[in-house]
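User: I would like to understand how the terms used for a structure follow from their definitions. Please take me through some examples.

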Amino acid sequence: MTSDEELVARATAGDQDAFSQLVARWERPIYALAYRTLRREEEARDVVQDAFLRAYRGLKGFKGEAKFSSWLYRITLNLCRDWMRKQRRAPVVQVSEGTDPLDLADQQAAPTESVEDLVARREMSAAVQVAMADLPEEQRMAIMLKEYHGLTFQEIADMLDCPLSTVKTRLYQGLSVLRRRLERQQAETARLRRATWESTT
Amino acid sequence: MCEQRERVLDYLYNEASAASRSELEEHFLACDDCRDDMRAFRRVREDLLAWDVPEPASVWTPFAPAPVVPWFRQVPAWAMAAAAGLMFVVGGAGASTALAIGSARGAEPAVMAAVPVAVPAEPALDAQAIASLVRQELSSARAETTARMTPVATAVPAALKLDAATERRLLAQTNQLVGASEERQMSLVRGFLFEVALEAERQRRDDGQRLGALQAQVNQLQDYVNQLLVLQQTKVQ
């Protein structure tokens with residue numbers, strides 16, 4: 001597979017196909033980052049479009065000191081921050097409430113996933129989103145870049161312009177908060193299930 | 001609280017060196033807090049996987065689409081010829097319909113012979129021959145371009161008084177552009193071949209359906225003629 005660096009060089013020389021290949025390669029992760037940051041599909045799509053446009057226009061200024069993906073992540077995060085600043089509000093959690101069995105069947109990850117497992121997965125997804133939304137932004141960013149994008153501590157530090165030790169502290173604190181909230185949430189879900197079971201039997 | 005607690009992250013995310021990992025493993029044996037963190041963070045990581053992202057449609061459409069050129073203008077003459085040849089071969093297989101009418105007279109009731117209708121042959125698409133044609137065409141185009149460009153390639157650097165390094169750089173860039181252009185052309189050709197193959201297959205199916213209908217008509221006629229023959233024979237008797 002052609003490396004990002006090669007494609008960037010070709011795109012800088014005016015090869016639109018090369019840039020389209022970069023887009024195809026990075027569109028999904030960039031969308032995931034924007035979506036998880038803003039938690040809004042439409043706005044996330046706008047941010048992705050804008051991020052690639054900026055990257056395309058800024059290709060000549062990209063010196064290759066960082067990885068192309070890191071540069072793209074940074075552009076995306078800045079756009080997300082701009083959007084949130086303009087809206088002057090924190091992102092809201094859009095958790096789908098669909099409990100229609102047909103709706104659920106459409107969302108099964110695999111045909112072998114039982115409806116019970118699917119419901120549990122959706123409950124966990126909602127709990128994770130709520131818990132993440134409550135974290136301070138810098139902790140949330142560190143966790144997202146590490147967990148969902150697999151960046152190294154150093155790459156995160158470079159991207160967020162902070163020392164490596166700060167990244168670790170943010171991660172540790174964020175994970176500790178998530179741990180407490182998710183454990184509480186799971187205990188609460190288990191209690192509710194028990195109560196429902198007892199009331200029906 | 002353990003002072004080494006943040007080092008748990010190095011272990012958790014596989015960013016610790018081998019030596020550091022062994023050291024941490026030793027530490028976990030002795031430190032309840034870190035061991036507890038380690039287990040809990042692993043569970044959190046599993047829980048975090050539950051947050052999936054909807055599949056987005058592609059959002060990238062900034063490059064204007066190429067102007068639409070009628071397909072017959074996009075296809076080079078040699079490819080048209082190849083496609084025509086292909087159609088001829090496919091069509092020929094379906095054109096060998098033959099009718100044989102048996103004699104109407106005779107002691108025994110004459111029955112019209114079975115009328116075979118040729119079933120269209122398997123697709124006679126010779127992809128290798130076409131690919132070979134494409135390669136030949138590309139190769140001769142390359143030779144022609146090289147022949148035309150060689151005098152220019154010699155004259156331009158001399159006229160511009162380019163130094164060797166610049167000349168090499170320009171040459172490398174030109175080669176890169178030519179390579180990219182060839183890649184695009186090949187991609188177009190591959191797309192075209194795919195379309196030809198699809199069209200041939202569609203044509204073969206259409207022919208099959210038409211011939212099936214024809215076969216049914218012929219069978220009907222055959223029954224009708226047989227009835228007439230039987231009637232005629234009855235009259236004669």
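**Terms and their grounds**

User: Why is B:Phe41 called buried?

Analyst: B:Phe41 has 21 other C-beta atoms within 10 Å. A residue is buried if 20 or more other C-beta atoms lie within 10 Å of its own, exposed if 12 or fewer, and partly exposed in between, with C-beta atoms placed from the backbone. B:Phe41 is therefore buried. This is a predicted model, in which local features need pLDDT of at least 70 and side-chain atom pairs count only at pLDDT 80 or more, while totals for chains, interfaces and linings use all residues. Residues are numbered from 1 along each chain as its sequence is written, and chains are lettered from A and ligands numbered from 1 in the order in which they are written.

User: Where is B:Phe41 placed, and what does B:Phe41 touch?

Analyst: B:Phe41 belongs to helix H3 (residues 32–48) of chain B; helices (H or I, at least four residues) and strands (E, at least two) are DSSP runs, numbered from the N terminus. Leaving aside residues up to four places away in sequence, B:Phe41 touches A:Leu175, A:Arg179, B:Val8 and B:Leu12. Contact requires C-beta atoms, placed from the backbone, within 7 Å. B:Val8 is 33 residues from B:Phe41 in sequence, and their C-alpha atoms are 9.3 Å apart.

User: How many residues of each chain are in contact across the two chains?

Analyst: In chain A, 33 residues are in contact with 24 residues of chain B. Helices H2 (16–38), H3 (41–58), H6 (115–133), H7 (137–147) and H9 (164–200) of chain A each supply at least two residues to the side touching chain B. That side has 15 nonpolar, six polar and twelve charged residues. Here Ala, Val, Leu, Ile, Met, Phe, Trp, Tyr, Cys and Pro count as nonpolar, Asp, Glu, Lys and Arg as charged, and the others, Gly among them, as polar.

User: What makes up the largest nonpolar core?

Analyst: A nonpolar core is a set of buried Ala, Val, Leu, Ile, Met, Phe, Trp, Tyr and Cys residues joined through C-beta atoms within 7 Å. The largest has 56 residues, and A:Ala34 is one of those with the most contacts inside it. H2(A) gives the most to this core, eleven residues.

User: How confident is the predictor in residues 88–125 of chain B?

Analyst: pLDDT is the predictor's confidence in each residue, from 0 to 100. Over residues 88–125 of chain B, pLDDT stays under 50. Where pLDDT is low, the predicted coordinates should not be read in detail.
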